[in-house]
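Welcome, and please take a moment with the sequence and the model below. The report that follows walks through the fold, its strands, its helices and a few side chains.

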Amino acid sequence: MDIATRGRRPVRALLVDDDPKMRVGNVSRLEAEGYDVMQAGDLESGLSFARNSRPEIIFLHLGPVGSGGVAFLQKLRADDSMRHIPVSMLTNHSHLRLKRLGLNSVSGDAW
């Protein structure tokens, strides 16, 4: 049994990814794990989806440092209605800045 279903309904997930090619691959991967995936192609629409559709988890594909992923997390955590949503960050970049902020990331090819 896959991680996302665990014997019950699929977990509602939101993928926030501004790279269309990566998004296609990440959606396929998440759906294969059993997630019910909603997609957002930019950070503002990702916040809107998170606020309105209440995903159970957010997968955030981070580009290079400064691409907006940290700002997304800050806005998400600053909103009482969304701060509880767990976020899994997917990245192909080394994020020493994230580590200094106390955040961990998962390499996109390692999950």
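## Ground rules and overall layout

Two strands pair if DSSP finds at least two bridges between them. Helices (H or I, at least four residues) and strands (E, at least two) are themselves DSSP runs, numbered from the N terminus. This is a predicted model, in which local features need pLDDT of at least 70, side-chain atom pairs count only at pLDDT 80 or more, and totals for chains, interfaces and linings use all residues. Residues are numbered from 1 along each chain as its sequence is written, and side-chain values use heavy atoms, with hydrogens and water left out.

The chain has four helices and five strands. Read from the N terminus, these elements follow the order β-α-β-α-β-α-β-α-β. There are 111 residues in the chain, and 39% of them count as buried (buried means under 20% relative accessible area, exposed over 50%, partly exposed in between, with a 1.4 Å probe and protein chains only). Taking contacts (heavy atoms within 4.5 Å) with a separation of 6 or more, 63% are between residues 24 or more positions apart.

## Strand S1 and its partners

Let us start with strand S1, residues 12-16. Four of its five residues are buried, so S1 is largely enclosed by the rest of the structure. S1 pairs with S2 in the parallel sense over five bridges.

Leucine 15 shows both pairings: it stands opposite glutamine 39 in S2 and opposite phenylalanine 59 in S3.

## Aspartate 36 in S2

Aspartate 36 belongs to strand S2, where it stands opposite arginine 12. With a relative accessible area of 42%, aspartate 36 is partly exposed. Leaving aside neighbours within four places in sequence, aspartate 36 is in contact with Pro10, Val11, Arg12 and Ala13. The C-alpha atoms of aspartate 36 and alanine 13 are separated by 5.9 Å, although the two residues are 23 apart along the chain.

## An aromatic pair

How many aromatic pairs does a search of the whole structure find? It finds one, where rings of Phe, Tyr and Trp (its six-membered ring) pair if their centres lie within 6.5 Å, and planes under 30 degrees apart count as stacked, over 60 as edge-to-face and the rest as tilted. The partners are tyrosine 35 and phenylalanine 59, with ring centres 5.3 Å apart and planes at 80 degrees, so the pair is edge-to-face. The pair links distant parts of the chain, 24 residues apart: tyrosine 35 lies in the loop between H1 and S2, and phenylalanine 59 in strand S3.

Both partners are shielded in the model: tyrosine 35 counts as buried at 12% relative accessibility, and phenylalanine 59 counts as buried at 5%.

## Histidine 61 in S3

Strand S3 also holds histidine 61, which counts as buried at 12% relative accessibility. A polar contact of 3.0 Å joins its side chain to that of aspartate 17 (a polar contact is a pair of N or O atoms within 3.5 Å; within protein, one must be able to donate a hydrogen and the other to accept it, and residues adjacent in sequence count only if both atoms are side-chain atoms). Not counting residues up to four places away in sequence, histidine 61 touches Val16, Asp17, Met22, Asn26 and Leu90.

Helix H2 covers residues 43-53, and its buried residues are Gly46, Leu47 and Ala50. Seen down the axis of H2, these buried residues fall within an arc of 100 degrees, so they line one face of the helix (the arc is that of the directions from the helix axis to the C-beta atoms). They pack against strands S1, S2 and S3 and against helix H3. At the start of H2, a side-chain oxygen of aspartate 42 comes to within 3.1 Å of the backbone nitrogen of glutamate 44. Just after H2, arginine 54 takes a positive phi of about 50 degrees.

In H3, the buried residues are Gly69, Val70, Phe72, Leu73 and Leu76. Down the axis of H3 they fall within an arc of 155 degrees, so they too line one face of their helix. The face of H3 turned away from this buried side carries the exposed residues Gln74 and Ala78.
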